[in-house]
Amino acid sequence: MDDREIIEYASKSISHSIRDIAGYVDLSFGEPWFGPPPFAQIALQELAEEATCLNRYAPPFGSMQLRIAIAERYRELYSVHVDPECVLVTHGASGAFCLSILALTSPGDQVMITDPTYMLYERSSKILGREPVHIPRRQLDFASIDIHDLDLALQRYPRSKVLIINSPENPTGDVCSAEKLRELVTWCQTNGIWLLHDEVYDSFVFDGRHVPAIEVSEEKVVMMNSCSKRYGMPGIRIGWLIVKDKKVLQECSKIHDYCYFSVNVLAQEVAARVISEKTLPAWVSSQCDEIRMRTNRFTKVLNNSRMFELDIVPKGAFFLFPRITEEGKRRVEESLSVSVSNAMAQYLKMEHKIAVVPGSVYGEHVKDRIRIVTAVAPSVFEEAIGRFANL
Ligand SMILES: Cc1ncc(COP(=O)(O)O)c(C=O)c1O
């Protein structure tokens, strides 16, 4: 391991570096303020009293109750049939990603990731001995991913085995349309590539509708999701992957067994009850309404700012990804030995006690941006709005 950069999880380390210092406004880390739902606490208490499950390991693919609850969720939300036998319970969506990469690629194979995207894909791929390769977009949205560019990328990176997309997307907030997903799935199927769809922000869509790739086709598609964002329960570490191909599923399960043995039984029981709870969709949708409202408010503040320009208006997730204007660059001119985004993140941290993530973390094309998280505690959000308005 010779590259220090790949072992640092940027947003986490930024957030933890200022977490206990008074006066900081932390907009760097995606831990939704609203979770867990009150119902999860009730489920946890009930299970603690019963405590019948702690004397055994979970089954290799996860608890059947949870797998059925997950499958049922796709039926209710998207009218998509998912066979519970095709669901594997994992340690969060991050676990699902690593298992998929290990099962679908060999050391030295290439992993196609769009630029920009969630930072973990590049870093995890490298740690697993795979080569992340970047698919540039003409603009920042999914619509501008061009099939011709994918063809060229495949010629250039012929050992590519998977293409990963994250919709709704961290950091841009863009949401991939059904039409574009169909194009991407078809391209993958034609070229023998697996499409990995990370949909952890599926519940937060303000404009249009979230479409899971599995709704388009089950062939050559792996879905990845978790309880972390939808229910505001990242601490429970329950995620899943769905893949129809039994050989791939077996391979993922085998790797999971060899690396982790099984997932925490108590956490699976809580997750199964939470996912099946009939009152929770309304609770989740009220959190989405709140995030939509916050996104609109922050957008107005950024539109009035001379230092930032919000040229990609989020359609979902809980981030803003503004570009730093010429005026903004002038403000941080003295520290421009690093990228503009790093200089700006440093400036905001030191001068205004605001923690954000520099765009450089998300890809080459976005070194002049910062990422702002809106799913923070209400008092932090209000303070952040005030500080940005006064920059
Ligand atoms: C796009 C994306 N995928 C996955 C994760 C991690 O999910 P989990 O907590 O389920 O591992 C995050 C966390 O921020 C994320 O932004």
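Q: Which domains does the domain assignment of the protein give?
A: The assignment gives domain 1 (4–30 + 281–389) and domain 2 (52–276), with bounds that come from an automatic or database domain assignment. The model is predicted, so local features need pLDDT of at least 70 and side-chain atom pairs count only at pLDDT 80 or more, while totals for chains, interfaces and linings use all residues. Residues are numbered from 1 along each chain as its sequence is written.

Q: How many residues does the contact take from domain 1 and from domain 2?
A: Two residues are in contact if their C-beta atoms, placed from the backbone, lie within 7 Å. Here the C-alpha centres of domain 1 and domain 2 are 26 Å apart, and the contact takes 23 residues from domain 1 and 28 residues from domain 2. On the side of domain 1 that touches domain 2, α11 (280–303) and β10 each supply at least two residues, and α11 gives the most, with five residues. Helices (H or I, at least four residues) and strands (E, at least two) are DSSP runs, numbered from the N terminus.

Q: How does that side of domain 1 divide by class?
A: Ala, Val, Leu, Ile, Met, Phe, Trp, Tyr, Cys and Pro count as nonpolar, Asp, Glu, Lys and Arg as charged, and the others, Gly among them, as polar. By this division, the side of domain 1 that touches domain 2 has 15 nonpolar, four polar and four charged residues.

Q: Which residues touch the most other members of the largest nonpolar core?
A: In soluble globular proteins, nonpolar side chains tend to be buried together. A nonpolar core is a set of buried Ala, Val, Leu, Ile, Met, Phe, Trp, Tyr and Cys residues joined through C-beta atoms within 7 Å, where a residue is buried if 20 or more other C-beta atoms lie within 10 Å of its own, exposed if 12 or fewer, and partly exposed in between, with C-beta atoms placed from the backbone. In this structure the largest nonpolar core has 112 residues, of which Val162, Leu195, Leu241 and Ala271 touch the most other members. The largest share of this core, nine residues, comes from α4, and the core draws at least three residues from each of domain 1 and domain 2. Leaving aside residues up to four places away in sequence, Leu241 touches several others, including Leu88, Thr90, Ala96, Leu99 and Cys252.

Q: Which residues come nearest to the ligand?
A: A residue is near a molecule or strand if its C-beta atom, placed from the backbone, lies within 6 Å of it. Of the 13 residues around the ligand, Gly92, Ala93, Ser94, Ser226 and Ser228 come nearest. Helix α4 (residues 92–104) provides the largest share of this shell, three residues, and the shell as a whole divides into four nonpolar, eight polar and one charged.

Q: Which residues lie on each side of strand β14?
A: In a regular strand the side chains alternate between the two faces of the sheet. In β14 (residues 370–373), Ile370 and Ile372 are on one side and Arg371 and Val373 on the other, and because all of these are buried, both faces are covered. Two strands pair if DSSP finds at least two bridges between them. Strand β10 (residues 319–320) pairs with β14 in the antiparallel sense over two bridges, with Val373 as the bridge partner of Phe319, and β13 (residues 357–358) also pairs with β14 in the antiparallel sense over two bridges, with Pro358 opposite Ile370.

Q: Is Tyr231 buried or exposed?
A: Tyr231 is buried, because 27 other C-beta atoms lie within 10 Å, and its place is in the loop between β7 (221–226) and β8 (238–242). Not counting residues up to four places away in sequence, Tyr231 touches Gly35, Pro36, Pro37, Ala40 and Val274.

Q: Where does Lys220 lie, and where is the place of Phe261?
A: Lys220 lies in the loop between α8 (213–216) and β7, and its phi is near 60 degrees, a positive value in a residue other than glycine. Phe261, in the loop between α9 (246–260) and α10 (265–276), has a positive phi of about 75 degrees although it is not a glycine. Lys220 is buried, because 23 other C-beta atoms lie within 10 Å, whereas Phe261 is exposed, with 10 other C-beta atoms within 10 Å.
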